[in-house]
Amino acid sequence: MSIGIERLAVYTPQYGLALADLAAARGVAPAKYTQGLGVQEMAVAPPWEDVVTMAATAGARVLRAAGVDPASIGMLLVATETAVDHAKPVSIFVHDLLGVGPHCRTYELKHACYAGTAALMTAADWVRAGGARPRRALVIATDIARYELGSSGEPTQGAGAVAMLVGREPQALILGDESGTYAGNVHDFWRPLGRREAIVDGQHSVDCYLIALAGAFQMYRALERPPFEPDEAFQDRVARMLYHTPFPKMAMKAHRRFAELDWRASHARWAQVEPRLEEAAAQSYVELAAPALTAVSRIGNTYTASLYVCLASLLEAESRMLTGRRVGLFSYGSGSCAEFFSGVVPTSAPRVSDTGIATQLRERTLVDVPTYERLARTGDAGGEPAAGFAGEFVFHGVRNDRREYGRVEPVAARASA
Ligand code: CAA
């Protein structure tokens, strides 16, 4: 029985900031951000949007595109590390805004950037378990990556949500049965209660990511069936590799580590590759990993959603070419937990490949640095949306300690009114 992602929809806010402009304002060489980190632009969330409104917009769009009745959703999982309350989950606001029925298991998941994958795996297991009622889950990963203005993390911010329908008719990605996992208690990135911006030990976080990648991949590789031929590598069995991408250079570092581990595990292959390792790794990166990085290089870090922004971007660009082929996926969440898994792109993928990313990036507005700083400092205030608002739900603000949300007309309906 095939289980996996039936359809995806992505939402990213209406504003973006060019990293060359940020570099100029911070007195940094633009190439450090655009080449050294690989980020061209990052999404900027205005005060009338938060993780709830972004999740609800992505969720509404995926349900509409798939023609799925919200009341038929039996499980709604929302993953975020930008929670809006210490007790009340983001998922119940989203449940209300989407009109999901009362007979639904719903909760929020947190484990830094890993929570989106935790939600996907939980939903897939729930669907797999079966039962009298047909099982279809809605999984949404939603985040706003925020660091202190002027800090080294600042160029790795971003915002967005990815909604995924998980069920037995996977038209976007059929999930494989095995996965490799790795967990360990590290202080690489965290956000103490009461703080809006994350604290990060930057270089340590890169090292922790790579250690977790090695641990998860080596477990996964050992579970792979059929066993490898003496000169065969895992890379030969996948058409693309997708990584959690806080910034594109991180995916490049990850792929370099993965490729070497993979080749070293195959002794005959390692003997061939070792003399020209850097050249072979660079070629492998261009072929397998770079194609999925188009959107993240313009959206920035979306924490829990990042890996699935890569998947959506890849499906929009290459679903026709990838049908029937396998992709590898690596999810990392600071703190830390990581998972390496794979999926097959079904022949139906081109029919569901419009996830909304290319359109939203084409239509969004780039703001200048003073505007970005004003939006960042305004914080979690709520408000009324400015002209050109791309979302369908608005965060009005907090009254009597309660967050208030509302709906606006979808863009298409507004345009035709
Ligand atoms: N031209 C071209 N490249 C340049 C350059 C220039 N003028 N100046 C510097 N560079 C290069 C550097 O050589 C470096 O490249 P390499 O890593 O390949 O050597 C790159 O630009 C970045 O330079 P630095 O390492 O000096 O940058 P930094 O220390 O100021 O900040 C960072 C980098 C630590 C990643 C920081 O942006 C940060 O803390 N980000 C947030 C944490 C993060 O994203 N960690 C990733 C792993 S954890 C995770 O994945 C979870 C998550 O989502 C947070």
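Leaving aside its neighbours within four places in sequence, with which residues is Met241 in contact? In this predicted model, where contact means heavy atoms within 4.5 Å, Met241 is in contact with Phe234, His255, Phe258, Leu288, Ala289, Gly328 and Phe340, once neighbours within four places in sequence are set aside. The model is a prediction in which local features need pLDDT of at least 70 and side-chain atom pairs count only at pLDDT 80 or more, while totals for chains, interfaces and linings use all residues. Residues are numbered from 1 along each chain as its sequence is written, and side-chain values use heavy atoms, with hydrogens and water left out.

Met241 lies in strand β11, which covers residues 240-243; helices (H or I, at least four residues) and strands (E, at least two) are DSSP runs numbered from the N terminus. With a relative accessibility of 1%, Met241 counts as buried, a term that stands for under 20% relative accessible area, as against exposed for over 50% and partly exposed in between (1.4 Å probe, protein chains only). Between Met241 and Ser342 there are 9.0 Å in space, C-alpha to C-alpha, although the two are 101 residues apart in sequence.

Ser342 belongs to strand β13, residues 337-344, and is likewise buried, at 4% relative accessibility. Its side chain is joined to that of Tyr220 by a polar contact of 2.8 Å, that is, a pair of N or O atoms within 3.5 Å, of which, within protein, one must be able to donate a hydrogen and the other to accept it, residues adjacent in sequence counting only if both atoms are side-chain atoms. Apart from neighbours within four places in sequence, the residues in contact with Ser342 are Ile174, Leu175, Gly176, Tyr220, Arg326, Val327, Gly328 and Leu329.

Helix α4 (residues 90-98) is mostly covered, since seven of its nine residues are buried, namely Val90, Ser91, Phe93, Val94, His95, Leu97 and Leu98. These buried residues pack against several elements, among them helix α3 (51-66) and the strands β4 (75-79), β5 (105-109) and β15 (393-399). The helix is followed by Gly99, which has a positive phi, near 70°.

The count of disulfides, defined as pairs of cysteine sulfur atoms within 2.5 Å, comes to zero. For Cys310, the closest cysteine sulfur is that of Cys113, at 12 Å, which is too far for a bond; Cys310 is buried, with a relative accessible area of 1%. The sulfur of Cys337 also has its closest cysteine sulfur in Cys113, 12 Å away and too far for a bond, and Cys337 is buried at 13%.

The largest pocket has a volume of about 900 Å³. Of its 32 lining residues, Glu81, Ala83, Lys110, Arg191 and Leu193 are the closest to its centre. One cavity of 30 Å³ or more is found in the whole structure, and the largest cavity has a volume of about 40 Å³. Its lining consists of Glu81, Thr82, Ile144, Arg146, Arg191, Arg196, Ala198 and Tyr303.

Technical notes
1 Å grid on protein atoms, 1.4 Å probe; cavity = no way out; pocket = protein on both sides within 12 Å on 5 of 7 lines; lining within 4 Å. Points joined across faces, edges and corners; volume = space filled by probe spheres on them.
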